[in-house]
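Welcome! Take a moment to look over the sequence and the 3D view, and then we can walk through them together.

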Amino acid sequence: MDRAELLRTLRDERVPEALYDLPGVRDIQVQPDAYYFLRPAPDGGWETGLRERSRDRDTSRFATEDEACRDLLAKLRARPRPPEGRAGTVEEYLARGEELRRRAREEVERALRERPPDERER
């Protein structure tokens, strides 16, 4: 398996593209706080892992691209999944961002108004 075949498999399995970075085949445009990666290792071979808050975690090294692709596929298949009926694309969530921020702001303002008078002075 190579990166192109891995990408086809991930798309067929509907794994959200924001969850992984495959250099040269499917690069993440805006890197989220956490995503899985497959990349050439600096000293040869390949690495897979989870990039979270600018740190690599769960990193594995492989001699071949095939081994690395199979490992990343297994990691992505084993990841926690959202509850049924609650999934959406990253684009849908980003489009709803302003609405979600507005609702959160309204809830905070309502909670502040509903505080008992003795707590308002704190």
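Which residue in E4 does Trp46 stand opposite? Trp46 stands opposite Phe62.

## About the model

This is a predicted model, in which local features need pLDDT of at least 70 and side-chain atom pairs count only at pLDDT 80 or more, while totals for chains, interfaces and linings use all residues. Residues are numbered from 1 along each chain as its sequence is written, and side-chain values use heavy atoms, with hydrogens and water left out.

## The overall plan

The protein chain holds 5 helices and 4 strands. Here helices (H or I, at least four residues) and strands (E, at least two) are DSSP runs, numbered from the N terminus.

Of the 122 residues in the chain, 28% count as buried. Buried means under 20% relative accessible area, exposed means over 50%, and partly exposed lies in between (1.4 Å probe, protein chains only). The accessible surface of the chain comes to about 8900 Å², and 47% of it belongs to carbon and sulfur atoms; such areas come from the Shrake-Rupley method with a 1.4 Å probe, and for residues only the protein chains shown count as cover.

## The sheet

The 4 strands make an open sheet in the order E1-E2-E3-E4, with mixed pairing. Strand E1 (20-21) and E4 stand at the edges with a single partner strand each, so one side of each has no neighbour in the sheet. Two strands pair if DSSP finds at least two bridges between them.

Strand E2 (residues 34-40) pairs with E3 in the antiparallel sense over 7 bridges, and Ala34 stands opposite Glu52 in E3. Strand E3 (residues 46-52) is also joined to strand E4 (residues 55-62), by 6 bridges, and these two run antiparallel. The hairpin of E3 and E4 has 2 residues between the strands, and Arg53 takes a positive phi near 50° there.

## Charged partners

Side chains of opposite charge can pair when their charged atoms come close. The structure holds 12 salt bridges, each being a side-chain nitrogen of Lys or Arg within 4 Å of a carboxyl oxygen of Asp or Glu. One of them links Arg11 with Glu17, the closest N and O atoms being 2.4 Å apart. Arg11 is partly exposed, with a relative accessible area of 45%, and Glu17 is partly exposed at 28%.

Another salt bridge brings together the side chains of Asp43 and Arg61 (3.1 Å, N to O). Asp43 lies in the loop between E2 and E3 and Arg61 in strand E4, so the pair ties together parts that are 18 residues apart in sequence. Asp43 is exposed, with a relative accessible area of 59%, whereas Arg61 is partly exposed at 48%.

## A look at Lys75

Is Lys75 buried or exposed? Lys75, found in helix H2 (residues 65-78), is buried, with a relative accessible area of 12%. Leaving aside neighbours within four places in sequence, Lys75 is in contact (heavy atoms within 4.5 Å) with Tyr36, Thr48, Gly49, Asp58 and Ser60.

Lys75 also forms a salt bridge with Asp71, the closest N and O atoms being 3.1 Å apart. Both residues lie in helix H2, 4 residues apart, about one turn of the helix, and both Lys75 and Asp71 are buried. Elsewhere, salt bridges that share partners join Arg39, Asp43, Glu47, Arg51, Asp56 and Arg61 into one network.
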